[in-house]
Amino acid sequence: MTAGAHHNNTQDSRVAVLVDCENSHPDILDYALKVVAQFGRIVLRRGYGNHSALIGKNWQDTLVRLAFTPCLQYQYVSSKNTADIALALDALEAMFDHRADRFCLVSSDSDFAYLCRKLRERGATVYVVGEQKTPDALRNASDQFFEWTPPAKQEESSPAREPAKAPVEQPALPLPQRRPRFVIEAVALLANNTADGLVPRSGLGNYRKRMAPVSHRSNTATQGCWAWCRRMTYWG
């Protein structure tokens with residue numbers, strides 16, 4: 001598939017992002033949105049969990065910041081997966097109502113493997129974003145699995161030492177021009193789904209819009225960065 005064909009296929013795709021808050025860490029959500037933005041327009045954002053998960057695990061702030069609808073599920077009986085059932089029903093409903101044709105499940109719980117298989121049997125594309133502990137049953141039930149790695153904890157600061165002598169000032173050298181880091185990461189992500197490894201400029205622009213709907217045009221650095229990108233027809 002050429003880069004242009006891949007762009008046309010994903011431009012009209014509708015993606016539902018459904019989060020299992022009871023078995024996921026809030027920090028995974030930024031990574032999930034970054035990954036799924038390449039596959040189409042996100043039309044459904046929901047996070048599922050009981051009171052202790054949504055409030056106790058600090059999911060509330062993350063869901064609000066990223067414009068997710070929190071779906072609070074009370075446990076009528078202890079140890080019952082009411083949130084899992086709600087997530088599965090909403091996924092099937094969204095598929096049958098033709099509101100979404102691609103689904104991103106954010107979970108490491110193998111209980112969703114059967115849901116993945118049923119969605120794929122009906123023609124939907126399923127992505128799963130989970131942690132390293134995700135069982136093979138869930139990984140293999142999806143069309144594509146993305147593993148999230150928690151950021152490394154910062155080491156404690158070492159004891160204070162005597163201040164070092166100020167170094168001798170050297171004449172400043174002009175910095176070499178480099179491609180912005182987030183552009184390089186976006187191109188590397190989008191190029192994985194093209195046969196020739198090329199990313200059209202329009203595809204890169206659409207990915208940027210999905211990642212940051214609110215464009216800060218007053219930012220001089222942002223303007224210069226994307227003006228530089230517009231000089232390129234294809235990236236690879």
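This is a predicted model: local features need pLDDT of at least 70, side-chain atom pairs count only at pLDDT 80 or more; totals for chains, interfaces and linings use all residues.
Helix α2 spans residues 28-36, and its buried residues are I28, L29, A32, L33, V35 and V36. These residues take up an arc of only 160° around the axis, which puts them on the same side of α2.

Now for the aromatic rings, where the count comes to two pairs. F39 and Y127 make up a stacked pair, with 4.0 Å from centre to centre and 10° between the planes. This pair bridges distant parts of the chain: F39 sits in the loop between α2 and β2 (41-49), Y127 belongs to strand β5 (residues 125-130), and 88 residues separate them. Both F39 and Y127 are buried.

F39 also pairs with F146. Here the ring centres are 6.1 Å apart and the planes meet at 50°, so this pair is tilted; planes have to be under 30 degrees apart to count as stacked and over 60 to count as edge-to-face. F146 is part of strand β6 (residues 144-147) while F39 is in the loop between α2 and β2, so the contact ties together parts 107 residues apart in sequence.

As for burial, F39 has a relative accessible area of 3%. F146 comes out at 10%, so F146 counts as buried too, the cut-off being under 20%. Taken together, F39, Y127 and F146 form one aromatic cluster, with F39 taking part in the stacked pair with Y127 and in the tilted pair with F146.

Notes: Residues are numbered from 1 along each chain as its sequence is written. Side-chain values use heavy atoms; hydrogens and water are left out. Buried means under 20% relative accessible area, exposed over 50%, partly exposed in between (1.4 Å probe, protein chains only). Helices (H or I, at least four residues) and strands (E, at least two) are DSSP runs, numbered from the N terminus. The arc is that of the directions from the helix axis to the C-beta atoms. Rings of Phe, Tyr and Trp (its six-membered ring) pair if their centres lie within 6.5 Å; planes under 30 degrees apart count as stacked, over 60 as edge-to-face and the rest as tilted.
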